[in-house]
Amino acid sequence: MKSLAALLLTASALLAQAPQARIKIDTDRTVGEVHPYVFGNFAEHLGRCIYGGIYEEGSPLSDKDGYRKDVMEATRQLGVTLLRWPGGNFASGYNWKDGIGPKNQRPARPDHAWGDIDSNRFGTDEFLQYCEKLNITPYICINAGYGTVNEAREWVEYTNEARSTYWADQRRKNGHDKPYNVKIWGLGNEIDGPWQLGHKNAEDYSKFALEAAKAMRRVDDSIKLIASGSSNFGPNSDWIGWNRTVLQNLRSEIDYISLHTYIGNRDNNFENFLAVSQDVDQRIEVVDGLIKAAQAGQRNPRPIYIAYDEWNVWYRARGGSEFATGATRLEERYNYEDALAMGMFLNSFIRHAGVVKMANLAQLVNVIAPIFTNKQGLFLQPIFFPIAEYAKQRNNMAIDALVTSPTYKPQGRQALGYLDVSVTHNKGENALYVNVLNRSQKTDITTRIETVEGTLNPSFAVWELNYPDLKATHDFGNDKKVQPKTSTVTAMLERNGFSYTFPKASLTILKLKLQ
Ligand code: AHR
């Protein structure tokens, strides 16, 4: 007979293992395809993103055209599908005509967005050839600040016109006979922000964007257009009003509306920091509602999606005078908790895969970026790894999983679950990807995972990012601290489900096979 102490021990062991959370998956509950463009990225003429990042003429690390080969390889590993260029704020003062033709005849121009001088040695052809080399989709953002409708139209003529016209012939003269066929065009950047060159109100912006869309489509009516949504979420800003007006006015011309979000752990509170998913979810859902409102009552409304075309953690390399001076060059050093925030953002995009059809990490190299270079090489920041792993889920079908988990109540917010989850289904592989962020700083969470459809294979692959120091960063020669671990686990199946314990402050992707 067991002693009382032994009985209590067994009971507490059982209790410790009893699931506290549940993820129930039904593959029929689809949300939408995880579009490949959700793994887009962004390269702006700012600090060392282009010059000294993507492009370094004369460097032994560059190819014959001046592109850094090590950066290209890292970009491939990151799974980048699409690249937005030339900005950002830079776009609103940029004249694309300065950046074409013989390089030694291109004018150096002051960049009034970031207080720099641009040599213009990297321009439209250099950008589009970079995308060709990497086999990624180019996305050009026009100048809707200081620029004109006609300059935008001529830009499309330069890149996409097949016939012999003035600008198409300039492209030929510059070495590219065939049209580049750039499909994705942004109708300006953050035009609602008072910091933006050529900032406008929503009505004035709509008039400009409508005319630009018309003119650009007269050159190529197959292009897809992204309206500048609001990025100004300050307490006194009317971001909902901006989006409502822009959607109402542009609904028959645009294919996407943009959203931008940067976050930061300013009060050094890990669990509060990762509760920002509430804002990301809310912004998406509000804009989705505004899209539906703009389409309501329309015959055959044009489909409009969200392009979350700037997102990241950005708060350290940032100063009050940033927009005028670019003082910090935005060379943010990322740590382990920022890497977890990547999972939080991507989970939200996946949960809303029906409407979020593009998302661009801001940015690719050096400037708030996962890749960090110097003249001798590069290192990968901790945020690199989750993005590269999630990118493998492109084209999967997002699933609306039922999730219950212990909750917490961050200051000034509604209560939310410690587990932040998204699920995708790859029909071809007959596999489920279960993406789980455990944002509890103290508690591992044992979770029952079960599926309604199919029979689970008890053996599955685990990808886990888990590091004891939330503030751990990488550097040149010291970039192996925050690394994902992979393993194969065999679970005890019970009624087509099993228990799995997600460690505190970790990000896990389970790849479950159905048989
Ligand atoms: O990505 C850095 C800057 O952040 C971009 O230029 C601008 O669009 C945003 O405010």
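Asn 189 puts a polar side-chain atom 3.0 Å from a ligand oxygen, while Asn 89 uses a polar backbone atom, 2.9 Å from an oxygen of the ligand. The protein buries 98% of the 280 Å² that the ligand exposes when taken alone (Shrake-Rupley areas with a 1.4 Å probe).

This is a predicted model, so to speak of local features takes pLDDT of at least 70 and side-chain atom pairs need 80 or more, though totals for chains, interfaces and linings use all residues. Residues are numbered from 1 along each chain as its sequence is written, and side-chain values use heavy atoms, with hydrogens and water left out.

## The shell

Which residues come nearest to the ligand? Glu 44, Asn 89, Glu 190, Tyr 262 and Glu 310 do, out of 14 around it (a residue counts if one of its heavy atoms lies within 4 Å). By class, that shell has seven nonpolar, four polar and three charged residues (Asp, Glu, Lys and Arg count as charged; Ala, Val, Leu, Ile, Met, Phe, Trp, Tyr, Cys and Pro as nonpolar; the others, Gly among them, as polar).

## The whole chain

Zooming out, the C-alpha trace of the chain spans about 95 × 60 × 45 Å along its principal axes.

How values were computed
Polar contact = N/O pair within 3.5 Å; in protein donor to acceptor, adjacent residues only side chain to side chain.
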